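Here is a short briefing on the contacts inside and between the chains. Look over the sequence and the structure before reading on.

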Amino acid sequence: MEEYKIILFLCNWGPHTAYQQLQDDGYQIPSEVKMIRIPCTGRISKALLFKAFEMGADGVAIVGCNSGACRYGSGTLKAENNTEDTRNIIDLLGIGRERMRLATFLPDESEALKKFLTGFCEDLKQLGKSPVQPAGLQPVEASGESAQQVIARYDVYSCQDCGKCTASCPLALSGKAYSPRNIVSDIIRGNDTAEKVYADVHACLTCGICHERCPSDVNFPEFIRDMRCLLNQTRVSGERIQPHGGFFQSLMRTMTSKDIRPNRWKWLPKDIQVDPDSKILFFGGCAPYFDAFFKKHQQVNTVDILADALRLLNFFDVRPRLLEMERCCGHDLLWSGDRTNFMRLAKLNVEMIQDLGIETVITACPECYHTIGLEYEKNGISPGFTVTHLYAFLENAIHKGAVTFKPIPHRITYQDSCRMNRREEIIDLPRKLIQRLAVEQFQEMKDSGRSSLCCGNCAWTGCDAYSKALQVKRIRQAHETGSDLLVTSCPKCQIHLRCAMEDPFQETELKMEMIDLTSLIARTICWE
Amino acid sequence: MKRPKDRLHKVIVIGATPSGIAATNKLGELGIPVTLVDADADLNQKLAREEWRLTSGITFNYAHRPGLIRILRNSRIECILPARVEAIKHNQQGFSVTLTRQQTFVDDEKCILCGRCAEVCPINPADPSEKAIKFNGRFSLPGRPVIDKRRLPLCRENCPLGVNAQGYMALAKAGKYPEALALIREKNILPGICGRICTHPCETACRREQVDEAVSIRAVKRFLADYETRHPENIPKPTPGAMRKERFAVIGSGPAGLAAAAQLAQHGCQVKVYDQEEKAGGLLRYGIGIHRLPREILDAELNYIEKMGVEFILSHPVNLAEDLERIQEETDGILIATGSWQDRKLGVEGEDLEGVEGCLSFLNRFYREEIKKLKEKVAVIGDGNAAFDLARTLSRIGADVTLVSWFGKENIPADAEEIKGAMEEGIAIIDQTQVIGFEGESGYFRKLRCIRTKPGKPDANGIAWPIPMEESPVFTLAFEKAFLAIGQTGPRMPEGGLSINAFGYIDTDDHFRTSLKKIYAAGDAVSGPSTVVQAMARGRDAADRMLLDLCGIRSSETSCCRPAEKDFPEIGSHIPVQQRTPMPEKRAVKRKNNFDEVAQGFTDVDVAYETQRCLQCGVCAECMQCAEVCSAVGAVCHGEKEQTTVEHAGVVIIADPQLAPSIRGEDVIRAYAPSSSRVDIYAMIMRGFSAAAQAMALLGSPSFIQKGHGVSFLPPDPAISEPGRVGVFVCNCNRSLGWLDEMDEYVQGLYNNKEVVHAEVMTSACVPEGVSAIIKTVRDKGITRMVLGSCVCCSMDFICSACTDQRSRLKHKLFTATGISRAMVVTRNIRGEALSLLEKDEDHALLNFKGLLSRSVKSAQNLKSFSSPVRNYNFAAAVIGESEAAVHSAVMLARTGMDIFMFTKNVQPPNEIMDFPNIHCFVKADVHCLSGTLGDFKLDVRTNEIEQSLHVGTVILGENSRKRIGYACQDGMPNRPVACAMQKKGDPGIPQFYPGMTSIAGLFLANPPGILISNKRKGEAAAILAAAVMPRGPRKSKGYTVFVNQGLCRGCGRCAAVCPYQAVTLQPNAIGGWHSKVDEAFCKGCGNCISVCPTNAADSPYRNQSFFEKTLEEILL
């Protein structure tokens, strides 16, 4: 039988003392338990807790000091929150919340610690091995490409060094010493392994505004994407470049495990009707995970978007099917440079959808729409079904008439999603929908439409002080419109902008209500 | 009027109570030399008392562990534990304190607390308080066990040879028979013989008698000696000592001669033993019954001595008158141990008749086989063991024996078992009969003439020597032969040049020296007849004297020390009555006609039972098992002596009145509560702080108080060079938990990593020799990264409650003033994580061992240097408030010479404040805002319509001021009153700190509520906290403090919100936002900020994010 592996994050203070007492007393710590000593349970982020599961741990225990006995005061409380969030996340993933535990001990409670350790080991053996097959155990598929080939693919040589890209780059405009054209010339010169180039390649927002402005039509975002994939084949990716301790990349890689049975629809409200025989599938996206991760800090509630999307489908008498074991579409893995695992996710999703005999996939997430609709095909996976954005479905349905909207007592402005905004056929869709709403006022921001500013991050990569500056700028633009409600079309725009509003000095000044367009429609639509 | 004392700059703290510890810690922080004295040996155990548990639920010993370890590591603090305070006296420089440092027999500098001594100690009763080695586990402070020794056990004291009876009883009980036998042989070279025929004065002295009966020590000895016969393979062969050139002759191979010869041979001398008889053994062979001492036993013992290097020259009579000179020419010294072979006579009529013979004379003839049978009716006159021995021997060759005893039957001095044995074998005893003459016919003996006796008046020893019964008729008893067995007299040899004393024995001085140079004498030839064991003792002692006189060596007498005044444990009523095991004997019918050994010896079961009856009077038996397992480390020192010293100090703080003799005087600082008051741990701590403050004030305005402004800088931590050149040091902790060859192989195999330039396994890293070896290797081999596999789990300074004396000692020595940076070391608790598994699961242990080391070698490459920040400090203090406590704080601080700003809101401060030139008092001043931290507080003050900002380094807040004045760590952040609550079970959010402190470094409370001591004491406590918090020189890089990457920081403020110590501030960045900055001086390394940071901007150089990620990867993949 394969050996069980249990990670024990052990606080220096109370429990470590108790643990050492056990060692001194000659008590055999179960061999499954791998102890990692930490200064305080509050030190261990959700990313680290989850990382253990990504690496295939069968159980994770974080063990600290009793409430009221934490050396630093709040560590135990912090750990309680982190543990709860992590348990929710592994529950969504179908790994089983019981695999994650928090316990607390005083220094003289070695007997209790012993009981806890043996008890946890026994319970885990009842649960069985973790279904996660660590992606890190599988080989990275090297493309065999060179930087030169990537340059050639996007005809980067045609760059005229005119500088329009830098002049339009939101990062450069927020004060960062950052220039797409310099990155290009650095790579052309063969400096692609330099630390600075690596950092710059990963800092790009891939918002595409430079491509928009480029007279030579250099597709900088896709060039960056492929460069990331290339660079990450040969080096350890992510160190300090992936915010939140690389949690999201970790989460997505974990989803490549074939044996996990995700549970991502378990939160679904009762009023929503789905049809297991439908040929239409609603693809939800990772919102439930985002909520589990961010709820404590930012009160993010992006599953509402999914619920509202489904309500809208029901409203128009569509009862879609849901993909029980839906995985992430892979957008963020691809765009953070991990094509290998992106491909794994893509194949898993497509196989599952095809097995169900689905003809149409509807999604409300711009990234899922972009990825399943375009990238799968480009990467050699033919979906065999059509992908429609919810807005297109709505516009079509509403256009037929007989619906109306309740008044919305807000002045609104709209934050474009980069992934939708750069696609010809849907650029005006959200605006058409907004025009139908009964709002007090709709005012575009200073930079909107094709010039729209990114929400500050893409693919959970390269967030920093400049991202914040850019976001603050964007929020200020929203306030300048005189609006009191910011309408978004991507759950991540909400997350990132909300993050920027967290500021000790100007929190009240930046604060602005946000709602997704889908929710705004769902909550006001009614039959005439 | 008395001249004021000119006080020494030193403090003695008596009593390691929480008060004493608090005072010691604070004085230590101020750099004042302290001597801490307590009667307990282990601070950790002492402070674990339930009544001292903090409100958080943590016992004081764990909560304050970093402080306790700081005390041990502070070179200015001396801990004298355990010790007794004999006297305290006032003198002109303060006090003189007479202390007795009690013996622990373990050197705390050397002890690695591996626990092997406690493991091998045979004195291991279930009740830990009765164990000889008190081993409180690895948390002990100081980290060493204590050996409990009492005065010399009576068995050992009464043994002429000083054989460690308690020791071998304990070893035998533990089944360590070879060790037990070796322990006997250290003092007694004839264990098989003494195990049979010794008069066992040890048993006579045995305290078990007070419970039931003496322990059968001799029988156990015999069992052990016989064990060698049964299991020769388990007993090491005797080896002569290192050869020396000296040659000695011993004349006589009786007990004294043998003991001496063996002792000389043991020390490497060449020894020849001369004896006139054909076989060696002297009286042992020619005087003792075979049924008591089988000759194969004697031969085996002689054989053993021979193997030690002693040469026997037999059938070689030495004429003391003529031969000495010749032998002297060939040797460096001679010992005469010819014994006393003349039978003593009664001195009555007819003693010369044919048929009357002395005991020895007869036995001599018998053992030379001149007589084989004696089928006659014989009398044996005498009642000692020899008489019975003779009687039983005679009976075995066919005689009809009657023993005529002077004493009454119940008082016969021979051993009870002898009497019983003789009677069983059909020997008649006529008691209370004194022989007053021998009657004969034709010169041949026919009758004994006798009278009756009765017991006389008991003498000083309680022996009622018989006296003739008045009026007793003279009566006769008819026998064919009579044997006198009433002892021996006089030497056998003619004297020659030797001086002979009046009794006919050889004359010697107190050191066995005869009148002839280099000729010594010992044994019965000097002292007259004695017992085997006495003769052996004298023989051995004489040999020791010869070794000293003639070779200049002090014999290896154990240099053990025992506290003479420490009495044996009381014999409690809990000891059950257990009868002594009788010696099994051959049945009389089966033995009486042959010379088979009568006593059959104990079985394993008998020995187990009998040895557990031993009361282990001396507690530690000095069996030396502990010293042997510790030999590589050398921490066990049985020779440690009790030391009484007189310590001088300017100030004495009494923290535990029980430990100090009473002393009057206002300048004696008392840090304890009246005995009637309720125990309040926080009050105790504050009392300690207050005592330290009073001490500081008594010592006068000291140089360590800084004034004005200054910087405390961090001398650059030795920067660590480029990765590469890894040295691996693995400590096997004296193999106390075991060790595998594969571990050695694995460590050697590490050389296959190209970056590993050194890999070694050491016996112990934490002893001085271990540390210096590491430092030397690091220097010699240019090691830039180090992997230390020992019990040390982190390279940091006292950051958790699991640190031990050994760990901190090793770290302290390795990183203090050696130029070796903590930053370049990866430490792994190999002991706990791998070696502790060896006992039950070797594979698992080996797996962990390899895993930990291979990960360490890898992570060594990722180590980064520590930062070296500089901080500004303002050395002025502010006291805000007008309460009694606040006033006392200000006065106390002013007495140290600090510059003080005092703020009172309503009232005029008392005059005593006004008298201090270094207090500036702001009257009717409204401090309305307080911000900043240690070294740089900002106070916004309104006085008389003037608004001003004042800067100070430290602040003491009165309770009303605390409630009223809002505090913000940084200007512009929302302010709120400072929290003052102490940690409480179940109530999260409050970090641990001591009463009077707050979570804000440098901000103290003059009268924290809820603590039951006077406001004066509280105020003084706050003052010492403020005085001690100021830096007095360069600081040390903590190594674990958080660093924030400015480029990555989004200025969200989560870190500042989560930091319990206000270590994080937000600084403006170049693009209109801010980045957070962690002040190295306040960060305590909890890392809560790291886990909330959304962009990984915050990280610690020690065990950083990538360390955790890599560790997980390597453990799991």
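**Briefing: contacts within and between the chains**

The side chains of Arg396(B) and Glu425(B) are joined by a polar contact of 2.8 Å. A polar contact is a pair of N or O atoms within 3.5 Å; within protein, one must be able to donate a hydrogen and the other to accept it, and residues adjacent in sequence count only if both atoms are side-chain atoms. This is a predicted model, in which local features need pLDDT of at least 70, side-chain atom pairs count only at pLDDT 80 or more, and totals for chains, interfaces and linings use all residues. Residues are numbered from 1 along each chain as its sequence is written, chains are lettered from A and ligands numbered from 1 in the order in which they are written, and side-chain values use heavy atoms, with hydrogens and water left out.

**Around Arg396(B)**

- Arg396(B) sits in helix 17 (residues 385–396) of chain B; helices (H or I, at least four residues) and strands (E, at least two) are DSSP runs, numbered from the N terminus.
- Arg396(B) is buried at 4% relative accessibility (buried means under 20% relative accessible area, exposed over 50%, partly exposed in between, with a 1.4 Å probe and protein chains only).
- Beyond its neighbours within four places in sequence, Arg396(B) is in contact with residues including His291(B), Arg591(B), Phe595(B) and Val598(B); contact means heavy atoms within 4.5 Å.
- A network of salt bridges includes Arg396(B), Glu425(B), Arg292(B) and Asp389(B); a salt bridge is a side-chain nitrogen of Lys or Arg within 4 Å of a carboxyl oxygen of Asp or Glu.

**Other salt bridges**

- The whole structure holds 108 salt bridges over all chains.
- Arg431(A) and Glu444(A) form one of them, with the closest N and O atoms 2.3 Å apart.
- That pair links helix 20 (residues 429–436) of chain A to the loop between strand 11 and helix 21 of chain A, 13 residues apart.
- Arg431(A) is buried at 11%, while Glu444(A) is partly exposed at 24%.
- Glu622(B) bridges to Arg156(B), with the closest N and O atoms 2.8 Å apart.
- These two partners are 466 residues apart.
- Glu622(B) is buried at 4%, and Arg156(B) is buried at 11%.

**Interface of chains A and B**

- The contact takes 79 residues from chain A and 84 residues from chain B.
- About 6,700 Å² is buried between the chains, 55% of it on carbon and sulfur atoms; buried area is the accessible area (1.4 Å probe) that two parts lose on being put together, summed over both.
- The chains share 3 salt bridges.
- Glu502(A) pairs with Arg1054(B) in a salt bridge, the closest N and O atoms being 2.8 Å apart.
- Helix 1 of chain A gives the largest share of the chain A side, 8 residues.

**Aromatic pairs in chain A**

- Over all chains there are 40 aromatic pairs.
- Phe294(A) and Trp460(A) have ring centres 5.8 Å apart and planes at 25°, so the pair is stacked.
- Rings of Phe, Tyr and Trp (its six-membered ring) pair if their centres lie within 6.5 Å; planes under 30 degrees apart count as stacked, over 60 as edge-to-face and the rest as tilted.
- Phe294(A) is buried at 3%, and Trp460(A) is buried at 2%.
- Both rings belong to a cluster that includes Phe50(A), Phe247(A) and Phe290(A).
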